[in-house]
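Subject: Structure handover

Hello,

Here is the structure I promised to pass on. Please open it first, then read my notes below.

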Amino acid sequence: MQKVKVAVLGGSGYTAVELIKLLLRHPGAEIAAVTSRQAEHVADLHPSLLGRLDLQCEPFDPDALKAKGVQVAFGCLPHGTSMESIPPLLDRGIRVIDLSADYRLRDATVYQEWYKETHHDAKNLAHAVYGLPEVYGDTLAGARLIANPGCYPQTAILGLAPLAANRLIELSGIVIDSKSGVSGAGRTPKLTTHFPECNESVSAYSVGTHRHTPEIEQALGDIAGAAVSVIFTPHLMPMDRGIFSTIYATPTKPVSEAELTALYRGYFAGKPFVRVRTAPPATKDTTGTNFLDVCVKVVRGKVLVLAAEDNLIRGASGVAVQNFNRVFGFPETTGLL
């Protein structure tokens, strides 16, 4: 198997180290470069990589990456930074799988509304492919720019996809109550993620204003073929990793749990990383894996969907590798099982 040379941009964060670990065991990938503003050996940034990857972090330089033969770059950069770094890579023929939010929203006006800054790369935004393989898989093969989905949105989109596709729920008034481990806030120290602040405490944040809201609505609208509106509320939990979402929707006709479970199993048949369960999942069931576990219930005339994932793997680095496999024609599970 001929290996694809890859670069990891922004190598100091949690998603970067998880991505590197996955790529190291991928038979079709060769890590040719890791970029970071911190000029350190990769193993100094991430001691878990000691003896596994002998690379020095280097400044971001598109020409240097091209000279190394890099064919695809995984962008683990913050939003706002990605849209400045990605165009020169694409201009040099390097494909990009971007883990930031800069290319997820198709409408630059919506991006400005929710992210409070102007989008500076409308040209590439127009052809970016949203990288949720279970929904947009047919558009991923050979894509030049993939916008990796957010961690929260995957539980919401995949949790609701069978219902939205079959119009079995009202498309407005959907309530998504989500909880995330602290690693979802990234590695940069912040007061809210300081141990004494978040340990033994649960708090909601970005109530009514979270930036994943339009991303969820955009994808569900594609699936349903009509506008979808949700109320999305995230919560910070005192745990390292994991996302758990409880979703409440109103059915458009009487349904049973058995019917819905069968619907979900049919919808996700052949999609190896979504596990449909009859009992509610837990975050630890998915820790360290690319699986998203989902269970659907009917309670007092409402449909409840319970979904869990590892926010760093399925929520970011794992699905990025899943997208990499789709782009380059590897079996979808390569490096992930």
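**Two packed helices**

Helix H8 (residues 151-165) packs against H12 at an angle of about 95 degrees, and their axes are 8 Å apart. Axes here are lines fitted to C-alpha atoms, for helices over the stretch in contact, and angles run from 0 to 180 degrees between N-to-C directions. H8 and H12 are therefore roughly perpendicular to each other (65 to 115 degrees; under 35 is roughly parallel, over 145 roughly antiparallel, the rest oblique). Helices (H or I, at least four residues) and strands (E, at least two) are DSSP runs, numbered from the N terminus.

Which residues meet? From H8 come Cys151, Gln154 and Leu158; from H12 come Arg314, Gly315, Ala316 and Val319. Contact means heavy atoms within 4.5 Å. By class, this contact of H8 with H12 has 4 nonpolar, 2 polar and 1 charged residues. Nonpolar covers Ala, Val, Leu, Ile, Met, Phe, Trp, Tyr, Cys and Pro; charged covers Asp, Glu, Lys and Arg; the others, Gly among them, are polar.

**How to read the model**

This is a predicted model: local features need pLDDT of at least 70, side-chain atom pairs count only at pLDDT 80 or more, and totals for chains, interfaces and linings use all residues. Residues are numbered from 1 along each chain as its sequence is written, and side-chain values use heavy atoms, with hydrogens and water left out.

**Salt bridges**

The whole structure holds 14 salt bridges (a side-chain nitrogen of Lys or Arg within 4 Å of a carboxyl oxygen of Asp or Glu).

Arginine 314 pairs with glutamate 134 (2.9 Å, N to O). Arginine 314 lies in helix H12 (residues 313-328) and glutamate 134 in helix H7 (residues 133-136), so the pair ties together parts that are 180 residues apart in sequence. Both residues of this pair are buried (under 20% relative accessible area; exposed is over 50%, partly exposed in between; 1.4 Å probe, protein chains only).

Arginine 241 and aspartate 310 form another salt bridge (3.0 Å, N to O). Arginine 241 is in the loop between strand E9 (230-236) and strand E10 (243-249), and aspartate 310 is in the loop between strand E13 (302-309) and H12, 69 residues apart. Arginine 241 is partly exposed, at 22% relative accessible area. Aspartate 310 is buried, at 1%.

Lysine 179 and aspartate 177 also meet in a salt bridge (2.4 Å, N to O). Lysine 179 is partly exposed, at 25%. Finally, a network of salt bridges links Arg275, Arg277, Asp285 and Asp293.

**Nonpolar cores**

The largest nonpolar core has 40 residues, of which Leu163, Ile176 and Leu220 touch the most other members. A nonpolar core is a set of buried Ala, Val, Leu, Ile, Met, Phe, Trp, Tyr and Cys residues joined through side-chain atoms within 4.5 Å. H8 gives the largest share of this core, 9 residues. Leucine 163 touches Leu168, Ile169, Leu260, Leu263, Tyr264, Val303 and Val305, leaving out residues up to four places away in sequence. Another core lies apart, with 36 residues, including Leu49 and Phe291.

**Positive phi**

Where is glutamate 200? It sits in the loop between helix H9 (195-198) and strand E8 (203-204). Glutamate 200 has a positive phi of about 55 degrees, although it is not a glycine. Glutamate 200 is exposed, at 75%.

Best wishes
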